[in-house]
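Hi everyone, thanks for making time this morning. Please have the model open while I talk, and stop me whenever you like.

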Amino acid sequence: NFIPITANVYIRDEQIKSAGFAGSYLERETHNDYLFKTIYIGDIYDTEITKYMVRTDDSILTKIYVFKIGYKTDVDEIYKYLKERINNAMNMELNETNEYGYVSFYMNDPKRPDTSFLTVRIGGLLYSFSYPKEYHSQIKNLVKLIEWDLGWLFL
């Protein structure tokens with residue numbers, strides 16, 4: 001029996017736990033057309049955006065946005081679009097480090113200094129993470145796990 005390889009799950013509970021978020025799980029959250037509560041992205045076309053919470057029964061540890069780019073759109077266009085929106089936002093600062101994935105950047109929000117906002121391109125997908133800075137090593141691990149799982153599908 002031939003089963004085609006498709007990536008219909010872009011983030012999984014196993015990845016979350018392996019990254020160091022012990023006792024946590026993924027829960028889908030309604031997306032309200034804003035990235036990180038501040039950047040309007042409701043006008044992005046040909047892109048499916050899914051928002052997740054990494055949580056325990058007691059608290060939310062991080063939020064993850066997964067951008068599945070459609071066939072009519074280039075992932076680099078959406079990446080540039082997000083950078084542009086952040087650069088044009090009031091009091092936001094963009095720091096393109098390219099430390100993770102193919103390319104990556106941080107958004108700095110002076111109103112939330114204890115929170116990191118990271119966007120990473122992995123293959124043909126974009127992932128955005130919002131998390132307390134204390135979870136940086138877990139997010140770094142999670143990005144690497146996603147790269148290993150999905151990166152080869154979108155060379």
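Strand 4 and strand 5 form a hairpin, with four residues between them. Before I go on: this is a predicted model, where local features need pLDDT of at least 70, side-chain atom pairs count only at pLDDT 80 or more, and totals for chains, interfaces and linings use all residues. Residues are numbered from 1 along each chain as its sequence is written, and side-chain values use heavy atoms, with hydrogens and water left out. Strands here are DSSP runs of E, at least two residues, numbered from the N terminus.

Strand 4 covers residues 47-55, and nine bridges join it to strand 5 in an antiparallel arrangement; strands pair if DSSP finds at least two bridges between them. Threonine 50, for example, has valine 66 in strand 5 as its bridge partner.

Strand 5 also pairs with strand 9, again in the antiparallel sense, over six bridges. There, lysine 68 stands opposite leucine 125 of strand 9.

Is strand 5 mostly covered or uncovered? Mostly covered: eight of its ten residues are buried, meaning under 20% relative accessible area with a 1.4 Å probe, protein chains only.

Now the second largest pocket, at about 200 Å³. A pocket here is an open set of points on a 1 Å grid over the protein atoms alone, where a 1.4 Å probe fits, with protein on both sides within 12 Å along at least five of seven lines; lining residues have an atom within 4 Å of a point. The volume is the space filled by probe spheres set on the points, which are joined across faces, edges and corners. Of the 14 lining residues, the closest to the centre are Lys37, Lys63, Arg112, Thr115 and Ser130. Which strand gives the largest share of the lining? Strand 5, with five residues.

Last stop, the aromatics. There are six aromatic pairs in the structure, counting Phe, Tyr and Trp rings (the six-membered ring for Trp) with centres within 6.5 Å; planes under 30 degrees apart are stacked, over 60 edge-to-face, and the rest tilted. Phenylalanine 36 and phenylalanine 117 make a tilted one, 5.0 Å centre to centre with 55 degrees between the planes. They sit 81 residues apart, phenylalanine 36 in the loop between strand 2 and strand 3, and phenylalanine 117 in strand 8. Phenylalanine 36 is buried at 1% relative accessible area, and phenylalanine 117 at 0%. Together with Tyr65, Phe36 and Phe117 form one aromatic cluster.

Notes: Buried < 20%, exposed > 50% of the residue type's maximum accessible area, 1.4 Å probe, protein only.
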